[in-house]
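Here are a few friendly notes to read alongside the model. Take them one at a time, with the structure open beside you.

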Amino acid sequence: MNEGGWPLFYKGLVPLWFRQIPYTIVKFVAFEKTVRAFYANIFTAPRDSYSKATQLGITFMSGYWAGIFCAIVSHPADTMVSIMNKRGGSASEIYSEIGFKGLWSGLGARIFMIGTLTGLQWYIYDTFKVACGLQASGK
């Protein structure tokens with residue numbers, strides 16, 4: 001607080017919003033659309049005819065696929081926030097140093113990490129639903 005006052009506390013807020021809002025929207029939309037696509041095009045028998053393990057596998061695969069899209073839409077802002085937190089500087093200063101290409105550095109590792117994390121989040125969510133007697137995700 002003594003170094004920069006209130007503005008320093010919120011310095012990375014806007015880039016964080018640019019990361020988190022698209023990430024969250026894509027997480028839900030891509031997951032729901034992917035689950036529906038799996039059941040409409042690949043697993044075309046009635047959903048209840050598949051075992052719970054198969055349904056949860058579809059959930060994980062859909063979550064992983066959604067995570068890939070989450071990683072892509074949020075990566076540039078995440079790169080910016082990470083650099084801002086690590087060494088300081090404004091977004092425009094950092095961009096002038098790293099450029100457009102630098103915003104995408106490390107995307108492959110992020111896809112692996114976020115895909116796995118998102119797949120597991122949806123898997124845990126649906127596993128809890130199934131344990132409570134509810135259906136797994138999807139129509």
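**Notes on the helices and cores**

1. Gln55 sits in helix 3; helices here are DSSP runs (H or I, at least four residues), numbered from the N terminus. This is a predicted model, where local features need pLDDT of at least 70 and side-chain atom pairs count only at pLDDT 80 or more, while totals for chains, interfaces and linings use all residues. Residues are numbered from 1 along each chain as its sequence is written, and side-chain values use heavy atoms, leaving out hydrogens and water.

2. Now for the largest nonpolar core, which has 15 residues. A nonpolar core is a set of buried Ala, Val, Leu, Ile, Met, Phe, Trp, Tyr and Cys residues joined through side-chain atoms within 4.5 Å. Phe31, Tyr39, Phe43, Ile58, Cys70 and Ile114 have the most contacts inside this core. Helix 2 (13–42), helix 3 (52–87) and helix 5 (107–131) each supply at least two of its residues, and helix 2 gives the most, with seven.

3. Look next at Ile114: leaving aside neighbours within four places in sequence, Ile114 is in contact with Tyr23, Gly67, Cys70 and Ala71.

How values were computed: Buried < 20%, exposed > 50% of the residue type's maximum accessible area, 1.4 Å probe, protein only. Contact = heavy atoms within 4.5 Å.
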